[in-house]
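Keep the 3D view open as you read.

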Amino acid sequence: MAEIDAWMIRNVIASFNGLCARFGKLRLSVNLSPNAFETENLADYVHTHLAEHGVAAQSIVFEITENLAVRHLKHVEKQITALRGLGCEVALDDFGKGYSSLGHLQQLSVDYIKIDGSFIRNLTRNPVDQKMVRLIGEIGHEAGMKTVAEYVQNATAFSMLGELGIQYAQGHYVGKPLAEPCTGEVRPP
């Protein structure tokens, strides 16, 4: 798996400038497996490829799952710090799905919290999900993190997320997976 992570990082960065030439200014999110964080040279590897291809680190967001971050907290935080030191951003993916300790947000210096779709799926009908999403959003804001709701499937949920203070949305309502990037940013109202 570590070899797949390395291949993906290398190829995403190598392709980035060509994509920007075709579609304008872009930002890419790259999901990393837990194995990517087991190596001590992740940030060095990323830096080498960013420099080789002239890609601004600020254009790349690396996503890690909450489960990984919590299981190997000190090691993962070291890796996050190194990636952020390059200028990359880091997102904590699937937040609330695993160990879901809100206290861990204080120990991780991530840029984004991606709220797991299990809280969004029934958001419009479930007051407990609404409270959880609002709470995660409030804590994220206080900690200086941006919030993203996953699995947004309809306009009602999209609108409610704005009312709950969530900054970004991801899901089929916002846009289905495409073969090529689209430009623009979509935020809940």
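In this predicted model, how do α2 and α4 lie relative to each other? Start with the numbers. Helix α2 covers residues 42-53, and helix α4 covers residues 73-86. Their axes come within 9 Å and cross at roughly 20 degrees. Angles under 35 degrees count as roughly parallel. Therefore α2 and α4 are roughly parallel to each other. The crossing also has a hand: α2 passes α4 in a right-handed way.

Now look at the side where these two helices touch. From α2 come L42, A43, V46 and H47. They meet Q79, A82, L83 and L86 of α4. Sort the residues of this contact by type, and you get 6 nonpolar, 2 polar and no charged.

Next, turn to another partner of α2. Helix α1 runs over residues 2-23 and packs against α2 at an angle of about 25 degrees. The two axes are 9 Å apart. That angle makes α1 roughly parallel to α2. The crossing of α1 and α2 is right-handed.

Which residues make this contact? On α1, they are A6, I9, R10, I13, A14 and N17. On α2, they are L42, Y45, V46, H49, L50 and H53. By type, the contact of α1 with α2 divides into 8 nonpolar, 3 polar and 1 charged.

Pick out one residue from that list. H49 sits in helix α2. Is H49 buried or exposed? Its relative accessibility is 9%. Buried means under 20%, so H49 counts as buried. Set aside its neighbours within four places in sequence, and H49 is in contact with R10 and I13. Both of these belong to the α1 side of the contact between α1 and α2.

Finally, step back to the nonpolar cores. The largest has 47 residues. Those with the most contacts inside this core are F37, V46, F62, I64 and V133.

Take I64 as another example. Leave out residues up to four places away in sequence. I64 then touches F37, A69, V76, I80, V90, A91, L92 and D93. There is also a second, separate core of 5 residues. Among them are V61, A91, Y112 and V148.

How values were computed:
Residues numbered from 1 in each chain as written. Predicted model: local features only at pLDDT ≥ 70, side-chain atom pairs only at ≥ 80, totals over all residues. Heavy atoms only, no water. Axes fitted to C-alpha atoms, helices over the stretch in contact; angles between N-to-C directions. Helix = DSSP H or I, 4+ residues; strand = E, 2+ residues; numbered from the N terminus. Parallel < 35°, antiparallel > 145°, perpendicular 65-115°, else oblique. Left-handed = near helix turned anticlockwise from the far one by under 90°. Contact = heavy atoms within 4.5 Å. Nonpolar A, V, L, I, M, F, W, Y, C, P; charged D, E, K, R; others polar. Core = buried A, V, L, I, M, F, W, Y, C linked by side-chain atoms within 4.5 Å. Buried < 20%, exposed > 50% of the residue type's maximum accessible area, 1.4 Å probe, protein only.
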